[in-house]
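Reader: Could you take me through this chain and tell me what stands behind each label you use? I would like to see the criteria next to the values.

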Amino acid sequence: MLFFLAKLRQPAGWLLALSLAACTEKSDKFTPPPTPPPAAPAPNSEARNYADYNTVVWSDEFDGGALDQAKWGYDLGGGGWGNNELQAYTNSNENVFLAGGNLTIQARQQQSGSNAYTSGRILTKGKQSFVFGRTDVRAKVPKGKGVWPAIWMLGADIDQNKWPRCGEIDIMELKGSRPKELLSTMHFGSTTRVLKGTTAVQPNDLSDDFHIYSAVRSEDQIRFFLDGVQYFTFTKADVGSNAYPFNNPFFVILNVAVGGDFDGNPDASTVFPRQMQVDYVRHLQYK
């Protein structure tokens with residue numbers, strides 16, 4: 001009887017050993033999943049020559065009868081805009097209109113509430129943002145003491161990351177009393193604004209004719225051009241210990257401000273209205 005029981009127990013132990021051996025064998029053969037390939041670089045992240053950006057991927061040529069509101073919205077109101085400016089921005093066709101194939105943003109000496117001037121400020125926020133590539137604006141800017149035309153960009157995440165954390169790219173600003181001086185400035189920082197820029201002095205007043213103002217963005221670098229000639233470069237090294245927000249999407253802003261901290265207030269020599277005319281805004285990439 002004992003011999004019989006032992007004979008019965010033997011196969012069970014043998015089967016258990018086989019089972020453990022099989023588990024061990026399977027465990028020994030386990031291999032980790034393959035490492036995923038590195039992410040492909042973002043389109044146009046590599047810096048190229050100015051002329052290589054020759055494919056228009058977004059534009060407004062301003063050839064219609066009215067501003068294309070699928071592409072642009074309006075900033076409205078006054079109150080100084082953080083710089084003690086004197087204008088109220090409106091969506092009136094006296095301040096923003098299309099004519100002769102150009103967009104015109106017109107500053108007028110016209111009371112609006114507590115503001116002594118009206119003007120226009122349009123932007124692509126919520127409609128179109130841009131990352132890497134070349135952004136061109138062909139424009140003729142106004143001059144005159146206290147007149148402040150600007151072509152610039154803000155980080156599209158500004159509602160989540162307040163200025164200056166979102167970043168600001170001033171492609172072109174002009175103090176109306178100094179019409180030969182092209183100012184390009186980068187703004188950044190977490191809570192306290194830090195800025196770095198340049199003043200490119202021209203032989204003639206920028207208000208005399210149309211010029212192409214360009215910012216070429218590639219990964220960790222932005223280059224600025226006037227009529228295809230480079231005059232300023234900004235890189236990730238320039239932000240120091242601050243975050244570098246300029247690889248993120250940005251939207252475009254066009255406006256003419258009046259008065260305030262930038263160039264002071266208009267004086268008797270400043271005759272209104274003053275206009276910035278824009279032939280086109282284009283974003284180009286290379287293939």
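This is a predicted model: local features need pLDDT of at least 70, side-chain atom pairs count only at pLDDT 80 or more; totals for chains, interfaces and linings use all residues.

Reader: Where is Gly 65 found, and why is Gly 65 called exposed?

Author: Gly 65 sits in the loop between β1 (55–60) and β2; strands here are DSSP runs of E with at least two residues, helices are runs of H or I with at least four, and both are numbered from the N terminus. Buried means under 20% relative accessible area, exposed over 50%, and partly exposed in between, with a 1.4 Å probe and protein chains only. Gly 65 has a relative accessible area of 69%, so Gly 65 counts as exposed. In space, Gly 65 is 5.9 Å from Leu 98, C-alpha to C-alpha, although 33 residues separate the two in sequence.

Reader: What makes Ser 207 buried?

Author: Its relative accessible area is 11%, under the 20% limit, so Ser 207 is buried. Ser 207 belongs to the loop between β12 and β13. Leaving aside residues up to four places away in sequence, Ser 207 touches Lys 140, Val 141, Pro 142, Lys 143 and Pro 179, where contact means heavy atoms within 4.5 Å.

Reader: How do you know that β2 pairs with β7?

Author: Two strands pair if DSSP finds at least two bridges between them. β2 and β7 (residues 121–123) are joined by two bridges, so they pair, and they run antiparallel. Tyr 74 in this pairing stands opposite Ile 122 in β7.

Reader: Which sheet does that pairing belong to, and why do β2 and β12 stand at the edges?

Author: The sheet is open and has seven strands in the order β2-β7-β16-β9-β10-β11-β12, with antiparallel pairing. β2 (73–74) and β12 (194–201) each have a single partner strand, so one side of each is left without a neighbour in the sheet.

Reader: What makes β14 mostly covered, and which strands does β14 pair with?

Author: Five of the six residues of β14 (residues 221–226) are buried. Six bridges link β14 to β13 (residues 211–218) in the antiparallel sense, with Val 216 as the bridge partner of Arg 223. β14 also runs antiparallel to β15 (residues 229–235), again over six bridges, and there Ile 222 stands opposite Phe 234.

Reader: How many residues lie between the strands of each hairpin?

Author: The hairpin of β13 and β14 has two residues between the strands, and Asp 220 takes a positive phi near 65°. β14 and β15 also form a hairpin with two residues between them, where Asp 227 in the turn has a positive phi of about 50°.

Reader: Which residues of the lining are closest to the centre of the largest pocket, and what is its volume?

Author: The volume is about 650 Å³, the space filled by probe spheres set on grid points joined across faces, edges and corners. Of the 32 lining residues, Asn 83, Trp 148, Trp 152, Glu 168 and Glu 173 are closest to the centre. On a 1 Å grid over the protein atoms alone, a pocket is an open set of points where a 1.4 Å probe fits, with protein on both sides within 12 Å along at least five of seven lines; lining residues have an atom within 4 Å of a point. β12 gives the largest share of this lining, five residues.

Definitions and conventions. Residues are numbered from 1 along each chain as its sequence is written. Side-chain values use heavy atoms; hydrogens and water are left out.
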